[in-house]
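Let's walk through this protein together, one contact at a time. Keep the structure open beside you as you read.

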Amino acid sequence: MRGRIFNHSRKKGRFIFLSLGIIFMGTGYFIAYHIGLPLIKEAKASTSWPTTTGVIQNSKVKVHRSNDSNSSTYSAEVIYRYQVEQNEFQSETVWFGGDISTSNRSMAQETVKKYPAKKQVTVYYNPNKPATAVLEPGVFTMTYFYYIFGWLFLGVGILSTGIPLFRTLFRIIVGNR
């Protein structure tokens, strides 16, 4: 009787482990390939985009406080306007991947200091979608954040599903089941 309960618990544990692994793989794939990779491609392409002149409308450090702890994260909010072929646009992208909040307040302060309100700036815009623009074109370290983060989830998912599957296959092949 005890062996049957133990065996049932083991099967239930494998099922939960497999289910969580599949969830992690799906989430990781989505983050890496539907958010991270397009961001990297767009950042690389932005170096050859046409430019126009824009004006910073608002520039401030945003504080994000956690409800369950005393910690805070910071991000720079830089809003600028620019014109392409008599159409006016507004954007907040300083560099691709720069929309991430960090505990490093000085990083956000440096960005705000670099782009104060009313400053004229060069805006790089996507010629196929002029509403997509950036102040600093190219790929930066933070541009890879979503891609790497997605792959971490994907890796955990692969391990979470792979280990129980290979153990089960091994038992079937060896004849221990």
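Glu-136 lies in the loop between strand 5 (133-134) and helix 3 (145-174), while Lys-114 belongs to helix 2, so the pair ties together parts that are 22 residues apart in sequence. Helices (H or I, at least four residues) and strands (E, at least two) are DSSP runs, numbered from the N terminus. Glu-136 is buried, with a relative accessible area of 14%, whereas Lys-114 is partly exposed at 43%. Here buried means under 20% relative accessible area, exposed over 50%, and partly exposed in between, using a 1.4 Å probe and protein chains only.

Before going further, a word on the model itself. It is a predicted model, in which local features need pLDDT of at least 70 and side-chain atom pairs count only at pLDDT 80 or more, while totals for chains, interfaces and linings use all residues. Residues are numbered from 1 along each chain as its sequence is written, and side-chain values use heavy atoms, with hydrogens and water left out.

Now for the wider setting. The UniProt record, an unreviewed entry, lists residues 52-139 as "domain: DUF3592"; its positions are given in the numbering used here, feature names are shortened, and annotations may be inferred rather than shown by experiment. Over residues 52-139 the chain is 45% strand and 11% helix, and the end C-alpha atoms are 20 Å apart.

Let's follow the strands. Strand 1 (residues 51-65) and strand 2 (residues 72-84) run antiparallel and are joined by 11 bridges; two strands are said to pair if DSSP finds at least two bridges between them. They form a hairpin with six residues between them. Along this pairing, Val-55 stands opposite Arg-81 in strand 2. Strand 2 also pairs with strand 3 (residues 87-91), again antiparallel, through five bridges. In this second hairpin two residues lie between the strands, and Glu-85 in the turn has a positive phi of about 50 degrees. Val-84 has Asn-87 of strand 3 as its bridge partner. Gln-86 sits in the loop between strand 2 and strand 3 and is exposed, with a relative accessible area of 71%.

Lys-60 forms a salt bridge with Glu-77, the closest N and O atoms being 3.8 Å apart. Lys-60 lies in strand 1 and Glu-77 in strand 2, so this pair ties together parts that are 17 residues apart in sequence. Lys-60 is partly exposed at 39% relative accessible area, while Glu-77 counts as buried at 14%. Arg-81, partly exposed at 33% relative accessibility, forms a salt bridge with Glu-88, with the closest N and O atoms 3.5 Å apart.

Next, look at helix 2 (residues 105-114), whose buried residues are Ala-108, Thr-111 and Val-112. Seen down the helix axis, these residues fall within an arc of 100 degrees, so they line one face of the helix; the arc is that of the directions from the helix axis to the C-beta atoms. The face turned away from the buried side carries the exposed residues Glu-110 and Lys-113. What covers the buried residues of helix 2 includes strand 1 and strand 2, where contact means heavy atoms within 4.5 Å.

What lies inside? In soluble globular proteins, nonpolar side chains tend to be buried together. The largest nonpolar core here has 14 residues, and those with the most contacts inside it are Ile-56, Val-78, Tyr-80, Tyr-82, Tyr-115, Val-123 and Leu-135. Such a core is a set of buried Ala, Val, Leu, Ile, Met, Phe, Trp, Tyr and Cys residues joined through side-chain atoms within 4.5 Å. Strand 2 gives the largest share of this core, four residues. Not counting residues up to four places away in sequence, Tyr-80 touches residues including Val-55, Ile-56, Phe-89, Val-123 and Leu-135. Apart from this core lies another, of five residues, among them Leu-39, Ala-43, Trp-49 and Val-134.

Terms used:
A salt bridge is a side-chain nitrogen of Lys or Arg within 4 Å of a carboxyl oxygen of Asp or Glu.
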